[in-house]
Amino acid sequence: MTLHQHVPLPSRRIAVLASGSGTNLQALLDATARGTLEAEVAVVVSDRADAGALRRAASAGVATVSLPLGDRHNPVVREAYDRRLADVLHAFEPDLIVLAGWMLILTSGFLDRFPGRIVNVHPALLPDGGGVEVLTSHGRLPALRGSRVVRDALRQRLPATGATVHYVTTAVDSGPVILREEVPILPDDDEVRLHERIKSVEHRLLPRAVALALAACSASNVER
Ligand code: GRF
């Protein structure tokens, strides 16, 4: 007779960086609570003390760190901030770092500390390989990058936009895509309405993309 012993796998640990209301964080918290994402959110860090994301984390019993940034335009301050942020995250031993509405561009010094282990959710469609256009059901459309892409999609009168979860590299909004999904732009859309529809897609994509990224970390046996 063979004895099958069930050895539980150590829980995968996610660190979430969020500057805003934290609805994407909530999607991750809900997915971990439901068990559809086999991981735990170990810590949530925000550069804004009043971020809704910190309140959501605290309500879920997750550790929170508020790390306000001084003069973001001063490169010395900026690099020192990212060193501190990396040290804080390192202490929580994350398998994966998720940028869920993180409004600061991370320095290369930070990215070097967590190679291949940072993912971002972006409220527009991004192409594979960092090109200037992305293939959609409406043909090729411009790839929108930066922090105002919902507005840009409306201003450019695009027929569609979307949501993308991708790895973070030094080229902003250009790292390898994990998942993306198109969102049609409707005739009566304004920025708020369109962003809400994009976010509801993000909330579905992000937990799935995080699961895929965690599986890829395990497969490549990337050390914490
Ligand atoms: C999301 O649309 C995300 O794509 C963008 O910032 C927004 C954050 O929303 N980077 P929330 O704070 O998760 O509600």
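The largest pocket in this predicted model has a volume of about 1,000 Å³. A pocket here is an open set of points on a 1 Å grid over the protein atoms alone, with protein on both sides within 12 Å along at least five of seven lines, and its lining residues have an atom within 4 Å of a point. For volumes, grid points are joined across faces, edges and corners, and the space filled by probe spheres set on them is taken. Of the 43 lining residues, Gly-101, Trp-102, Met-103, Pro-123 and Ser-147 come closest to the pocket's centre. Helix α6 provides the largest share of this lining, five residues, and α1, β5, α5 (149–155) and β8 (160–167) are also among the elements that supply at least two each. Helices (H or I, at least four residues) and strands (E, at least two) are DSSP runs, numbered from the N terminus. By class, the lining splits into 17 nonpolar, 17 polar and nine charged residues.

Since the model is predicted, local features need pLDDT of at least 70 and side-chain atom pairs count only at pLDDT 80 or more, while totals for chains, interfaces and linings use all residues.

The ligand sits in this largest pocket (more than half of its atoms lie within 2 Å of the pocket's grid points). Around the ligand are residues including Gly-20, Ser-21, Asn-24, His-122, His-195, Lys-199 and Glu-202, a shell counted by heavy atoms within 4 Å. Again α6 (191–219) gives the most, three residues; α1 (23–34) and β5 (118–122) each supply at least two. The shell holds two nonpolar, eight polar and two charged residues, with Gly counted among the polar ones.

Polar contacts (pairs of N or O atoms within 3.5 Å) pick out three spots. A polar side-chain atom of Thr-23 is 2.5 Å from a ligand oxygen, a polar backbone atom of Gly-22 is 2.8 Å from one, and Val-121 has a polar backbone atom 3.2 Å from one. The protein covers 90% of the 370 Å² of accessible area that the ligand has on its own, by the Shrake-Rupley method with a 1.4 Å probe.

Elsewhere, one cavity of 30 Å³ or more turns up in the whole structure, a cavity being a set of points where a 1.4 Å probe fits but cannot get out. The largest cavity holds about 50 Å³ of space. Its lining has eight nonpolar, two polar and no charged residues, among them Leu-125, Val-134 and Thr-161.

Key: Residues are numbered from 1 along each chain as its sequence is written. Side-chain values use heavy atoms; hydrogens and water are left out. A polar contact is a pair of N or O atoms within 3.5 Å; within protein, one must be able to donate a hydrogen and the other to accept it, and residues adjacent in sequence count only if both atoms are side-chain atoms.
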